[in-house]
Every structure is written in structure tokens, then in C-alpha cells.
Amino acid sequence: MKKKILLIFIFLIVMLTLASCEGTGDSGVFDLEQRFQGERAESAGPYVPADSFEMPELENIIVIGERFFATQMFEIFLNYRRYLGLAIQYEGIFYTMPWDGYDFHFVVRYTFGCCGNDGLLGFEVIMDGLEPLPDDTWVEVTGILEFDGEFLVLRAISITEMDERGAEVVF
């Protein structure tokens with residue numbers, strides 16, 4: 001009986017090991033660039049760089065909901081190539097951060113950080129032609145996700161002040 005259990009255990013270990021090796025290629029190193037190459041073209045449509053921005057048709061908007069806000073945001077950050085050039089809509093707190101003579105605008109929610117709920121989760125919002133709102137205003141923003149060479153940014157199409165505030169702290 002012990003021998004059968006031992007053989008089954010070894011068989012399961014071997015099968016799990018073989019299953020985890022899928023997609024590693026010849027070198028055994030998992031290459032993210034290679035994995036996502038071509039995948040965006042099928043799922044995300046054309047990428048619109050910031051310097052040649054034209055308003056895309058907004059057929060499908062990815063709405064980041066209240067209940068799974070942090071989960072959806074982390075998914076976008078981890079797999080950003082799938083979302084570049086797509087329209088994203090979410091609600092959050094609008095605030096402006098002055099830095100080196102420029103004003104940077106963000107729509108965020110608070111999340112866990114180093115000292116409790118002091119982390120921020122959201123995007124910098126490029127406000128081309130839109131008027132910034134007062135800090136701490138609860139807004140709904142819709143925009144196109146772009147990579148500016150350093151950071152993911154949301155090029156705002158619309159930003160609307162909301163009457164009701166959602167959950168300011170998300171996990």
C-alpha cells in the first residue's frame with residue numbers, strides 16, 4: 001500500500017513539473033517580450049502613440065468597477081501591452097501634483113502601502129484641452145491607455161465630476 005502511494009506521489013510530482021515547463025522554449029527562460037508579441041494586435045487594436053493622437057472609435061470601453069478595482073488595475077499594470085491603445089473608464093479622486101514647474105494630474109484611489117493605506121492606485125491623466133478639477137474631487141475619467149516611455153498614462157477623453165463618492169480605499 002505504501003509503495004502504491006509513493007508511486008502515485010512521484011507520478012504527480014513528475015506531471016506537475018512537466019506541466020510547469022510549458023512555454024519555456026529551448027533556453028528554459030521565460031521571455032515576456034516573445035510571449036506577448038503579436039498578441040496585442042489581435043486583442044487590442046492599433047496602438048496610438050502620444051505624438052500622433054487621434055480620437056479612436058470607442059466601441060468597447062474597459063470599465064474598472066468598484067468591487068474589483070485593485071484587481072483590475074493590477075491586471076492592467078502587469079499585462080499593460082494588452083491594454084495599450086484601449087479605452088479605460090474608472091472613478092477615483094482627482095488630484096494635481098506640481099513638480100519642477102509642471103502640474104501632473106492623477107485619478108487614484110488609496111490602497112495598501114508601506115504604512116497602511118498610504119498607497120495610490122490609478123493613472124496619471126493627460127488633460128489635453130480639458131480643464132483640471134479641484135483636488136479631492138470624485139471624478140469619472142475615460143481615456144486611452146498609453147505608455148509615454150517611462151510610465152503608463154491615460155490620455156483623457158472625458159472627465160466628469162460625480163455626485164456620489166465610491167470606495168476611496170481599495171484592496
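Arg155 counts as buried, because its relative accessibility is 8% (buried means under 20% relative accessible area, exposed over 50%, and partly exposed in between, with a 1.4 Å probe and protein chains only). The model is predicted, so local features need pLDDT of at least 70 and side-chain atom pairs count only at pLDDT 80 or more, while totals for chains, interfaces and linings use all residues. Residues are numbered from 1 along each chain as its sequence is written, and side-chain values use heavy atoms, with hydrogens and water left out.

Arg155 forms a salt bridge with Asp128, with 2.1 Å between the closest N and O atoms (a salt bridge is a side-chain nitrogen of Lys or Arg within 4 Å of a carboxyl oxygen of Asp or Glu). Because Arg155 lies in strand β6 and Asp128 in the loop between β4 (116-126) and β5, the pair ties together parts that are 27 residues apart in sequence. Helices (H or I, at least four residues) and strands (E, at least two) are DSSP runs, numbered from the N terminus. Asp128 is partly exposed, at 49% relative accessibility. A network of salt bridges links Asp128, Glu146 and Arg155.

By this rule, five salt bridges are counted. One of them joins the side chains of Glu66 and Arg109, at 3.2 Å from N to O. Glu66 is in the loop between β1 (61-63) and α4 (69-78) and Arg109 is in strand β3 (residues 102-113), so this pair ties together parts 43 residues apart in sequence. Arg109 is buried, with a relative accessible area of 1%, whereas Glu66 is partly exposed, with 38%. The side chains of Glu168 and Arg165 also meet in a salt bridge, at 2.6 Å from N to O.

Strand β5 (residues 137-147) is mostly covered, with nine of its eleven residues buried. Strand β2 (residues 87-99) pairs with β5 in the antiparallel sense over eight bridges (two strands pair if DSSP finds at least two bridges between them), and Ile93 stands opposite Trp138 in β5. Strand β6 (residues 152-161) pairs with β5 in the antiparallel sense over nine bridges, and Phe147 stands opposite Leu152 in β6. Four residues lie between the strands in the hairpin of β5 and β6, where Gly149 takes a positive phi near 105 degrees.

Val139 is placed in strand β5 and counts as buried, at 0% relative accessibility. Beyond its neighbours within four places in sequence, Val139 has contacts that include Tyr90, Phe94, Val107, Leu133 and Met162 (contact means heavy atoms within 4.5 Å). The C-alpha atoms of Val139 and Met162 are separated by 5.2 Å, although the two are 23 residues apart along the chain.
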